[in-house]
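Welcome! Here is a short briefing to read alongside the sequence and the 3D view. Please take a look at both before going on.

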Amino acid sequence: MDPQHFALLEEARRSLPDGFKAEISGDTIVMMVGPSGIHQRNLLVLRRQFDAHCPGDLLPSENTDLVSPGVGKSRNPDLTYLPAEVLETTDNQVPAETAAIAVELVSPSNPENDWVGKVRDYPVMGIPLYLLVDARLKTVTLFSHADGKKYHRREDADFGEGLRIPEPFDFDLDTASLLPYA
């Protein structure tokens, strides 16, 4: 990856007003507004379930920069689980391939970023599981079986239905208490 892209990303982050965040995918810098109350509530509902089934060697991390310089990507999922030793750094970014899962709650202002860009980027970045919660559509989608190019399995559930989360978490996600945007 061109080091100038990371320099531009850092400059963009310094220039953003409070409540905004930025990511990079190839030559594109993506900027997003901060989350709503429903977004934060749904994230906490999900996190409680993941925390209850999280292996001892993984820690939850919200809004951590996952970087893959070799493929020119830096993404910032709403929630991820990382090996504890990866977070023993003063740096603000960690290697993406160390993430056990990326969890995203779809932004109503830019759903394509989560549904297209991150579905494309996360398997290339070495992230084995991608959980996508779309409160607009009242759905939860799990992408899995990544091969370094794409995810080969997609499982969908409506809010109120369960969804099996595989190893290393190994539990049935309860979506009954997730709130829709409308």
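A salt bridge here is a side-chain nitrogen of Lys or Arg within 4 Å of a carboxyl oxygen of Asp or Glu. With that in hand, you can look for the eleven salt bridges that the structure holds.

This is a predicted model, in which local features need pLDDT of at least 70 and side-chain atom pairs count only at pLDDT 80 or more, while totals for chains, interfaces and linings use all residues. Residues are numbered from 1 along each chain as its sequence is written, and side-chain values use heavy atoms, with hydrogens and water left out.

**Salt bridges**

- Side chains of opposite charge can pair when their charged atoms come close.
- Arg47 and Asp51 form one of the salt bridges, with 3.2 Å between the closest N and O atoms.
- Both residues belong to helix H2 (residues 37-52); they are four residues apart, which means about one helical turn separates them. Helices (H or I, at least four residues) and strands (E, at least two) are DSSP runs, numbered from the N terminus.
- Arg47 is partly exposed at 24% relative accessibility, and Asp51 is partly exposed at 35%. The classes are buried (under 20% relative accessible area), exposed (over 50%) and partly exposed (in between), using a 1.4 Å probe and protein chains only.
- Arg136 and Asp134 also meet through their side chains, at 2.7 Å from N to O. Here Arg136 is partly exposed, at 35%, whereas Asp134 is buried, at 0%.
- Another salt bridge joins Arg164 to Asp170, whose closest N and O atoms are 2.3 Å apart. Arg164 is partly exposed at 37%, and Asp170 is partly exposed at 37%.
- A network of salt bridges links Lys73, Arg75, Arg120 and Asp121.

**Strand S10 and its partners**

- Strand S10 covers residues 139-146; six of its eight residues are buried, so the rest of the structure largely encloses this strand.
- Strand S9 (residues 130-134) runs antiparallel to S10, joined by five bridges. Two strands count as paired if DSSP finds at least two bridges between them.
- Leu131 has Leu142 in S10 as its bridge partner.
- S10 also pairs with strand S11 (residues 151-158), in the antiparallel sense and over seven bridges. In this pairing, Ser144 stands opposite Arg153 of S11.

**The two hairpins**

- Four residues lie between the strands in the hairpin of S9 and S10, where Lys138 takes a positive phi near 60°.
- The hairpin of S10 and S11 has four residues between its strands, and there Gly148 takes a positive phi near 90°.
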